[in-house]
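Here are my notes on this model, as numbered points. Please read them with the structure open.

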Amino acid sequence: MEFNAHKPIYLQICDQLYGQILSGELKADDRLLSVRDLGIELGVNPNTIMRSYETMTASGIIYNKRGIGYFVAENAKDLVLNEMKNEFINNELPQVVKKMKLLGIGIDEINNLFK
Amino acid sequence: MIEIKNLDFGYKYQPVFKNISLNFEKGNIYGLLGENGVGKTTLLKLISGLQKPTAGECLVDGDAPFNRWPETLQKIYFISEDFAIPEGTPINNIKELAPFYPNCNEAQFMELCREMEVDPTRKYGELSFGQQKKCLIATALALNTDYLLLDEPTNGLDIPSKTLFRQVIAKHANENRTIIISTHQVKDVENLIDPIIILDHDEVLLKATFRAITDKLYFDYGTEKDDTALYSEMIPGGYVNVTHNPEGVDSKVSVEILFNTVMKNKETIKQLFG
C-alpha cells in the first residue's frame, strides 16, 4: 500500500478498507485482519491500526466481538457510501470548485462533459 | 519500564546530559530522534549498562543496568550502529548468546532469517554489511528480550530489506516489549514509531504520541506559505505549514517536518507538550 502524502495514515487505512467494502471484497460479517496482522502486512505501528479500527467501530462500519476480532457490519456498505459522500462534498469538492474558479470553468461546462 | 531520573552524564571533556528525566513504558516502539551529537547513542548505552550515569538514575525495571546483574542484562539487547562483527556464523553466534538470554528461541531465529532472506550458516565475515545487519536484527528479535535498543537499524539495508524490517518489527512488537529505535532515517520508520522522542543538548524537547502531536499541531499541506505558522517548509508543489491546532483538526504528521518545527520552536513546543 502506497500512503498518500497528506492524509493521516490511520484514515488512509480506513479508506483502503472502505474501498474493499464498496467493491464487495469485504462483505457483511466478514472478519477483518487482526490489528496485529494488518500492522505486519503494512509495516505500521499497531497503535495506528487500532486507531483505524476504533474510528470505523465508532461510525458503526465494523463491530468488535470481544476476543474474536473485528467484523464488517450488516449495513456497512450504506454507511461507507454515506461517509465517503460526505467527505467528497466537504473536503474534496471545495478543492475542485476552487480550481474551477481559478481556471474559469463553469458548472455548465462540467455538465456538458458528463452528458 | 525504563526510568531516567535527573540523570547527568558526560565523557571526559564533553558533557552530554544534564538533569534529564525520561520514561519508556512497555508495549511501545519509540522513535528516538535528535541532531548529531545530542546523545542518542549515549542514552542507549546508559540503558544497556555500557555507561554509568555521573549523577541521577537510569533504572530498568527498578535496577541500574550498570550494576550488571544478569537478571537485568538478560532483559536488554542493544544493536549498536558500529557493531563488532561476531566471529563465525550467525547460527553459532545465537547459540553462544542463548545461555545469557533465557527466552532465546533458535527456531524463531531460523524463521526470522528466512523472512529477512539471509543465510545464517555463512560466516559473518563473508556477508555484506546489509546481510550482517539483517542477521543481527534476526538475532536481537529471537533473543526475545523485554527491551530492544536499535541504533540506526535501517542503515545499510536495501529498499526491500527496509520493508522487511518494518514488517518483522511490527510482528515482534508486543505489549510486554519496549523497542527503542534511534535514527536519522526517519522516512524508513515513520509509520512504525510512536511515540516520538526528540532529544536536544541537555534536554528532552518532545515526547509525544502521534495522536497527541496532531491534537496540538496542524500540518497544512497547501500552495501558500503561512507567515503566522510555527514553521513552514517548501515542498514540491507548495508548502507545509505547521500551526497550532485549537480546533483539533486531524492532519498527517511528517516526522521530518515535525523535527524541524521542534528545533525552531523549542520553548513553545516544551510548553505545548510539557
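1. Gly31(B) stands opposite Ile196(B) in E8(B). The two strands concerned, strand E3 (residues 29–34) of chain B and E8(B), run parallel and are joined by 4 bridges. Strands here are DSSP runs (E, at least two residues), helices are runs of H or I with at least four residues, and both are numbered from the N terminus. Two strands count as paired if DSSP finds at least two bridges between them.

2. A word on the basis. This is a predicted model, in which local features need pLDDT of at least 70 and side-chain atom pairs count only at pLDDT 80 or more, while totals for chains, interfaces and linings use all residues. Residues are numbered from 1 along each chain as its sequence is written, and chains are lettered from A and ligands numbered from 1 in the order in which they are written.

3. What is the strand order of the sheet that holds E8(B)? The order is E5-E6-E7-E3-E8-E9 in chain B. These 6 strands form an open sheet with mixed pairing. At its edges are strand E5 (76–79) and E9 of chain B, each of which pairs on one side only. On average, neighbouring strands are turned by 15° against each other, direction ignored. Axes for such angles are lines fitted to C-alpha atoms, for helices over the stretch in contact; angles run from 0 to 180 degrees between N-to-C directions.

4. Now the other side of E8(B). E8(B) pairs with E9(B) over 5 bridges, in the antiparallel sense. Leu199(B) faces Val204(B) in E9(B). Ile198(B) has Leu206(B) as its bridge partner in E9(B). The hairpin of these two strands has 2 residues between them, and Asp202(B) takes a positive phi near 70° there.

5. Is E8(B) mostly covered or mostly uncovered? E8(B) is mostly covered, with 4 of its 5 residues buried. Buried means that 20 or more other C-beta atoms lie within 10 Å of the residue's own; exposed means 12 or fewer, and partly exposed is in between, with C-beta atoms placed from the backbone.

6. Domains of chain B. There is a domain 1 (26–54 + 62–206) and a domain 2 (209–273). The bounds come from an automatic or database domain assignment. The C-alpha centres of the two domains of chain B lie 30 Å apart.

7. In chain B, 10 residues of domain 1 are in contact with 10 residues of domain 2. Contact means C-beta atoms, placed from the backbone, within 7 Å. On the domain 1 side, the elements giving two or more residues are strand E8 (196–200) and strand E9 (203–208) of chain B. E8(B) has the largest share, 3 residues. This side divides into 7 nonpolar, no polar and 3 charged residues. Ala, Val, Leu, Ile, Met, Phe, Trp, Tyr, Cys and Pro count as nonpolar, Asp, Glu, Lys and Arg as charged, and the others, Gly among them, as polar.

8. A second sheet in chain B. Its 3 strands form an open sheet in the order E10-E12-E11, with antiparallel pairing. The edge strands are strand E10 (217–222) and strand E11 (231–235) of chain B. Neighbouring strands are turned by 20° against each other on average, direction ignored. E10(B) pairs with strand E12 (residues 238–244) of chain B over 6 bridges. Gly222(B) stands opposite Tyr239(B) in E12(B). Helix H9 (residues 255–264) of chain B packs on the sheet and touches E10, E11 and E12 of chain B. The direction of H9 makes about 145° with that of E11(B).

9. Chain A. The chain has 5 helices and 2 strands, in the order α-α-α-β-β-α-α from the N terminus. Its radius of gyration is 17 Å, well over the 13 Å that the globule rule gives for 115 residues, so chain A is more spread out than a compact globule. The radius is taken over C-alpha atoms, and the rule is 2.2 Å times the number of residues to the power 0.38. The C-alpha trace of chain A spans about 55 × 30 × 20 Å along its principal axes. Of the 115 residues in chain A, 28% are buried.

10. The contact between chains. Chain A gives 13 residues and chain B gives 16 residues. On the chain A side, helix H2 (35–42) and helix H3 (46–58) each give two or more residues. H3(A) gives the most, with 3 residues. The chain A side divides into 6 nonpolar, 6 polar and 1 charged.

Methods:
Contact = placed C-beta atoms within 7 Å.
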